[in-house]
Every structure is written in C-alpha cells, then in structure tokens.
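Trainee: Please take one part of this model and go through it closely. I would like to look at the aromatic side chains and what surrounds them.

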Amino acid sequence: MSPLFSSHKVQSSYGRKRWILLLAVLVGIGVSYKSLRELHGMVEYEHGGVMDHFHGFEERRGDDGHLDGGGIGGLEGAKEDPMGGAMEEEHKETEHGDTRDEGLREEKKATAIGGEVAGDANTDDTSDGLVGEDEGRAEEKQQRRPERDVDSEDDDAPAISASTSGTTVTTSKKDEENEDQEDQEDQEAEEGEERYKRSKGDADGMEHEEQEKDDDSGVEHDEDQEESKDKDTAGHDDSGENEEESLDCKDIIVKRNTDFWGDPLVWGTENLVDSEDECCKMCAEHKPKKGGPACNVWVYCGVENLCRANYRQCWLKHLTHPDGAMPAAEGPMVGWTTGIMKKPRASVASQHQGEDRTYHIVVSAQGTATHWQSRIHYYWYKKIKKQCEAEGHCDMGDFTRLLHSGKPDDLMDEIPTFVAKELPPEHPHHGYIVLNRPYAFLQWMEKATIKEKYILMGEPDHLWLKPMPNLMDGENPAAFPFFYIEPTSPKYIHITEKFVGKIDTPEQKARLFPIGSSPTLLSVKDMKKIAPIWYNVSLAVHEDDEAAKEWGWVQEMYAFTISMYLAGIKECGLFLDMMAQPPWDSQKGRYYILHYTYGMDYAKNGTFTPGKYGEWRFDKRSYSTTPLPRNLDPPPDGVQNDLVRHLINAFNEATEKIPGWNHYAKTGHVSKLWDGVIEEQ
C-alpha cells in the first residue's frame, strides 16, 4: 500500500484534505515547470539515460522582439508554417535534432492529409470530406475488402507483374513471417526518437543504428525565390552519396541567414570551428559508419550577436532529399549558414537549348466536384499557355482530361477528353474512387496517341499561375515533394518493404521519393513503364489491410512512388516552387501552379484563423455537389496572402468568361459550352 495513505484504516477528513492539497500543489508545480520549459523551448529528450539539450533552445529576442538565438534564429522569413499556419510556438520548441511532441505531430499530419485528401482524392464525389469521415470510410472498406491472392514463389522479395488483367502483386513469405519483428523494431525506434517533420519537409529521415545521439529530421519546405532560380540543388541523386567527396566547398549551395533541419551526424554543441569553410570541409571529409548516411548538409553559426550561445557551432547532418527541404528558419535575424553538398542546379534553358521539351498536360477526373474544377483549370491552362507562347519559347503542350468514369459527359466538346473505364468488378475500390486513376493512366498509355515526348500529371484543383518550363533534368522526372509522403520513415518502412523488398542502404531510401503522382513531369517512355506497375501496386496497397489503413486517402500516392522505384527510376528532381498551397503559402511570384486543397479562414480584419471557421472563408468542399457561383466575395482588405486573393480573382474571372455559368451553378448542368478562346486583354 502506498505510504501516502499508510496502513491506517481510518483517516481524518482533515488529513485526507491535507494530502489532496499537497498532491494538487505538487501537480501544479510540475505543470508550471513544464509550461515554463515549453515557453522557453527547453525541450529535452533522453538518449541512453542522459538528458541532452538540442542546441539553441535558449529563447533570445532582438530589439524587434523576434527570436534570434539558436537554430530558429528568429521567425523572420518563417512566419507562416506551410501546413500548420503561423505555428510560431512549434518553431520555439524544436531544434536541429528535430524531435517533437508526437501528439502534435499526428494532429498536424492528420490535418495536412485531411486537407490534401480532397486534392489527391479529388476524383471522387465524396472525397471532399473531413478526416473523421475518411477514417470511417477506411474502416468500412477494410471490412468489405476481399482477401488478396498470394501466389509468390520468391521468399525474398515481392513479385510485381505488369499484367493488366489483374493484380499479381504478392508479399513474400519471409516478409510476412518477420512482420511482427519489424513492427517491434520500428516501435522501439519511434519510442526512442520519434520524428515530427514540419510541413513540406524531408519525408525520409534516416535511422542511425549505431549512433547514440541519432535524432530525426524535420525539414522545411521552400527556398528563397532568388536562390531557387540560380542556386538550386544540382542533379537528382538525393542520397548525397558519392558526389560530396569530389566537391570543392566553393562549388556547393550555400544559404546564408538560413538554418536547415537534418539528422545529426556530428553535434554542433561538441564541434566548434572558426569558419564556414572549416565546417564545410569537415562535412566533405566526414566518413560515414558502415552502411550509414554521409554528410550532405552542414550548418554553421558564425554571427556572434545573433548566435550567442550557439556561436561557432558546426553541425554535420544528412537529409535523404535535400532538394525537397525547406529551411527551418531564414531571414536577417538568423545567424546560421547552411551548406548543401551539391552543385547549384543549372537553369533549364541552359541545359536543353534547342531541344523540344514540350510536355502534354493530363488531368484525371471523376465526379461532381472535379466537373467544375476541370472547367476552371482548363480556362487558366489556355490563358497561361497563350501567355507562354507570346513570350517565345514555350514548353506547355496539348491538354487531356482523363475521365475515368467509364462514360462520356457534357464537357466532351469543351475540354479534350479521354474516357477510361472504371476498375473491373474483380477489383472493387470500396468507395475509394481514386483507385481508378492508375487504371485510367494505364489505358491512356495503351490507347492514346501523344505527340509530346513528356507529360505533366495534374489535377482539376490546380490553377496555372505562370508558364512552367520543363523542369526535368534530362530524362529524369521532376515533381513536387509532399512532407507527409514518407515511405522510408521508421513508421512506414516495413509497409513499403512488403512491395519492394528489403531496404538496407541510404541509396535505396533516396530512390523512394516523397512525391505522389501529381504534379509530376516525366517522359512518356517512363510513364509507359510505370503505368502497369502502378496499377498493380495500387491494387496491392489497397488490398493490404495495414497499408490501406496507415496510408488512407493518400495510398495511391504511395503506390506511385513505390512504382517509380520498382520501374528503376533512380533520380527525380524535387521542386518546391512547382506548386503553391495557400493559405500556407502566400507569395504569388515564385510558383507555377496553385493547389487549392486547403480551407482558408480569416476574420473580418484580415487575421488568419486556422482551425477556426472564419468570418470570411473559402473551402472547395463547400461546392462538392454544385459548382461555385460567380462573383465570390474577395478576402477582407487586411488579408496579406497574395495567393488567397489571386485564387478568388481567378475563380471570378473564369466563371465570368465561361458562358452560362449562372445556370450551371444553380443546376450543375451545362447549358452553354466555352469555345476555348482567350480574349485579348
């Protein structure tokens, strides 16, 4: 029995109250201490029984009130979290080790995926629902899912067939036998050092099995607009292996007043140097442990008045996909300099002068919501393509709406359309209509005549902002990275291995890109190779209970990146400027495409109110059953987000130019077709 109550059978009321009061005081002290620690960002995690502080947790404020110490170095340039919405408190509580509160991670990730669902599951009438509704559908789907045939004779790796007659993807017996063991190992890794990757961050952080201070990476999404034009990462070998050894530190990407996340290989608290060059040289000469990742990112704090306690710290790190990483912090109040051990990416124009790099735009669709979205998408495609052609060289080619409902609709004469069949009855989608997409692309590849050598896979809820050149490096695909697509994370790697076999090396992890099928640029040749694999893998993922549950409404995206791996695609350029996602992105000039998958909520005074129903709001889910009307109200004057304002203006322009929209908005039926002619301004 607890000594608090001892063994006395009778206690006085006063005595009980005294003990209760004492307990309350103790709890209150604990809570207050925890709150104070969180207020100052003093988050600690235990490593082998030793409490280690990540560098830069001391809160320091400059004259302007910004945080200016440590890895966060101030919130200048990072005022809006790309997925969480102005999550400044999160910035305070994290550092280069990037270990985060798991509850917050799951809440934010659920929000992000819940919003993204409607974009990536946008081919479904019912896809524009809430996260809870999606989970309910997933449970219902699992109850109805038929058992998967397992006929593999290979005990070491899954067999993937390119047959279009049905799914022949199988999991190996050895993988099934070891599944419990792998789950246990992953759980232990997560409990030791669980990752919380911030929005649009690196999706594939490494586990360092032999390093006590192994922490996880939570990288951020975008690069400076100016630097993204002339100092972007070179090539597509995202593993960082082999390249950095031959690089001179004068030839790499250097970002001053910028701090990057990453898996720490050498901790800066124990590694003080006198210059950026010395830090870079240490990264270049760093010898990875056997089978471990090499240093491909370093960060150095060399501005004493900004760095303070972190002055002269040199952190050596690894990011699986540095191309897809946004800075943890950037701006004049950040004392850190980040180096990425890659040569700056050459401009597209300089790489392919005189070549025909035209790409065909294909947008897959099915359902009421994508009906009106496709019309607006096509309007802006036509307008931006006209602008592109007027500027001279233009890589934007023809357009196809890939309609996978199995039957023509009333837009056949307005938008060039290929009608694809739905999945055959032996492969039910259980309400997950997006499962029709891979099958539709397979049919399109087999039957359509595509004059362009390349294609851009898009979605109806994309708006063109400006002409986009073919971003591919040679024949290597190019895509937008999603922070929540993490096939090699400790949580998901055992699921991924069901479909690709054992993943043992950094090079293998680097080839599992944090992307979905859209937006993605690739050659028609590669798409023909990927399409049958994607079809089979998407069915296999859907029919695997664990994969379908864990990956939910983005399972088709996981299936695509797995299919690229199985097809032998070794490099893929990751371009964060390829697509904006307001309200988390705000600057119009740097992006090519706008994706309006997230709700946008603001108070009347223009204050952004994420997570709260705004006095002014736009959410495409409000128009899931009928098209949006003409003349949507603009955002309040105080709204500082250029992309939100542009989106509403773009809707209003398109609905004004497309004839008969008022009747269309009321009934959902097309009475007049647009002729596709863009009038002179």
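**Aromatic residues in the model**

Mentor: Trp336 lies in strand 9, residues 336-340; strands are DSSP runs of E of at least two residues and helices are runs of H or I of at least four, both numbered from the N terminus. The model is predicted, so local features need pLDDT of at least 70 and side-chain atom pairs count only at pLDDT 80 or more, while totals for chains, interfaces and linings use all residues. Residues are numbered from 1 along each chain as its sequence is written, and side-chain values use heavy atoms, with hydrogens and water left out.

Trp336 has a relative accessible area of 0% and is therefore buried (under 20%; exposed is over 50%, partly exposed in between, with a 1.4 Å probe and protein chains only). Its C-alpha atom is 6.4 Å from that of Val299, which is 37 residues away along the chain.

Now the ring pairs. The whole structure contains 30 aromatic pairs, meaning rings of Phe, Tyr or Trp (its six-membered ring) with centres within 6.5 Å; planes under 30 degrees apart are stacked, over 60 edge-to-face, and the rest tilted. Phe480 and Phe482 form an edge-to-face pair, because their ring centres are 5.0 Å apart and their planes stand at 80°. Phe480 is buried at 1% relative accessible area, and Phe482 is buried at 2%. Phe618 and Tyr623, by contrast, are stacked, with centres 6.1 Å apart and planes at 25°. Phe618 is buried at 3% and Tyr623 is buried at 18%.

Ring pairs also join Tyr378, Tyr379, Trp380, Tyr381, Phe399 and Trp674 into a cluster. Helix 11 (residues 368-390) packs against helix 18 (residues 642-657) at about 95°, with axes 10 Å apart; axes are lines fitted to C-alpha atoms over the stretch in contact, and angles run from 0 to 180 degrees between N-to-C directions. The two helices are therefore roughly perpendicular (65 to 115 degrees; under 35 is roughly parallel, over 145 roughly antiparallel, and the rest oblique). Helix 11 contributes Trp372, Ile376, Tyr379, Trp380 and Lys383 to the contact, and helix 18 contributes Ala650, Phe651, Glu653, Ala654, Thr655 and Lys657; contact means heavy atoms within 4.5 Å.

A caution on confidence: mean pLDDT, the predictor's confidence in each residue from 0 to 100, is 74 for the chain, and 63% of residues reach 70 or more. It stays under 50 over residues 1-179 and over residues 184-245. Where pLDDT is low, the predicted coordinates should not be read in detail.
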